[in-house]
Amino acid sequence: TILEYFRCENLSDEYLFVPATKVMRNGAVNKGSEGVITSGSVFDVAVNQAAILIENGRVHDFVIGTTENGVDTTGQYKYESSLEPSCISGGLKDVMPGLVSQGMNAVDRMKFGGQSKNTMRLIYINMKEIKMQKIGIGGVSFYDNRYNLSIELKGHGTFSYKIVDPISFYQNMTYDPTRPLRSADILEELRNNISTVLDPSIGSIESICARGYVDIKNHSHELAGYANQYLVERGVW
């Protein structure tokens with residue numbers, strides 16, 4: 001018996017994480033505690049969404065919606081508390097015949113009132129690329145070999161980012177599975193992280209700027225490459 005039906009109502013670029021929404025089925029509102037998914041319930045997973053089951057604040061299982069490389073993991077899934085989680089294989093027990101089951105094994109679980117006594121919540125994480133985020137810089141040092149002088153640069157531009165590890169993102173950035181997280185909530189932190197690597201990144205392209213600072217705009221790809229490299233090396237991204 002399907003007890004509840006969940007889906008992601010709003011996962012635009014404005015949001016990085018939202019709790020699942022319990023929706024109407026057969027003209028009636030689903031019963032149950034708000035944000036809590038019970039055994040036998042189903043939920044939708046769309047492209048660029050990561051659906052994560054959270055048990056008492058910890059990740060229980062997850063599935064990432066994709067249609068790449070001949071693999072289609074989008075569709076409708078069913079949560080069964082009597083089945084062993086399968087995070088490594090990347091899926092949950094499916095409810096649609098077109099999807100491949102991930103070989104769950106039944107395990108003994110403590111039950112309370114016919115269900116797990118633990119609280120299970122369903123959340124969605126946005127895995128789309130968040131584009132056109134504005135950033136301004138100021139006071140970045142640059143040594144101009146052509147004129148043999150040091151100058152401070154100012155400028156502006158845009159950057160994009162994408163969540164590639166939804167589990168790590170949840171564990172490090174999401175502190176309350178009942179409250180949405182907006183992209184604006186972390187934008188200032190992202191800008192600060194980028195600003196810290198601009199000095200060494202610009203220093204790395206000084207030698208290839210034959211005409212001095214006026215050549216910087218011709219090496220934007222190299223500059224972005226160094227910035228990404230330094231962000232990874234410092235464990236920021």
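Me: How many helices and strands are there in the protein chain?
Reply: The protein chain has three helices and 15 strands, where helices (H or I, at least four residues) and strands (E, at least two) are DSSP runs numbered from the N terminus. This is a predicted model, in which local features need pLDDT of at least 70 and side-chain atom pairs count only at pLDDT 80 or more, while totals for chains, interfaces and linings use all residues. Residues are numbered from 1 along each chain as its sequence is written, and side-chain values use heavy atoms, with hydrogens and water left out.

Me: How should I read the pairing of strands, and what is the order of the strands in the open sheet of five?
Reply: Strands of a sheet pair through backbone hydrogen bonds, either parallel or antiparallel. Two strands count as paired if DSSP finds at least two bridges between them. In this structure the open sheet of five strands has the order β8-β7-β12-β2-β15, with antiparallel pairing, and its edge strands, β8 and β15 (181–182), each pair on one side only.

Me: How many bridges join β7 to β8, and which residue in the turn has a positive phi?
Reply: Strand β7 (residues 49–55) and strand β8 (residues 58–64) run antiparallel and are joined by six bridges. Ile-54 has Val-59 of β8 as its bridge partner, and Glu-55 has Arg-58, also in β8. The two strands form a hairpin with two residues between them, and Asn-56 in the turn has a positive phi of about 50 degrees.

Me: Which strands form the open sheet with mixed pairing?
Reply: That sheet has four strands in the order β3-β1-β6-β9, and β3 (21–22) and β9 (75–78) are its edge strands, each pairing on one side only. Strand β6 (residues 42–45) runs antiparallel to β9 and is joined to β9 by four bridges, with Phe-43 standing opposite Tyr-77 of β9.

Me: How many bridges join β13 to β14?
Reply: Twelve bridges join these antiparallel strands, and Phe-142 stands opposite Ile-151 in β14. Their hairpin has four residues between the strands, and Asn-148 takes a positive phi near 55 degrees there.

Me: How do I read a nonpolar core, and which residues of the largest one touch the most other members?
Reply: In soluble globular proteins, nonpolar side chains tend to be buried together. A nonpolar core is a set of buried Ala, Val, Leu, Ile, Met, Phe, Trp, Tyr and Cys residues joined through side-chain atoms within 4.5 Å, and buried means under 20% relative accessible area, exposed over 50%, and partly exposed in between (1.4 Å probe, protein chains only). The largest core here has 35 residues, of which Leu-16, Ile-52, Ile-125, Phe-159 and Tyr-161 touch the most other members. Its largest share, seven residues, comes from α2, and a second, separate core of 17 residues includes Val-18, Tyr-77, Tyr-79 and Tyr-124.

Me: Which residues of α1 are buried, and why are they on the same side of α1?
Reply: An α-helix has 3.6 residues a turn, so residues three or four places apart point the same way. In α1 the buried residues are Pro-166, Ile-167, Phe-169 and Tyr-170. These residues lie on the same side of α1 because they cover an arc of only 165 degrees around the axis, the arc being that of the directions from the helix axis to the C-beta atoms. What covers them includes β2, β7, β8, β12 and β15, where contact means heavy atoms within 4.5 Å.
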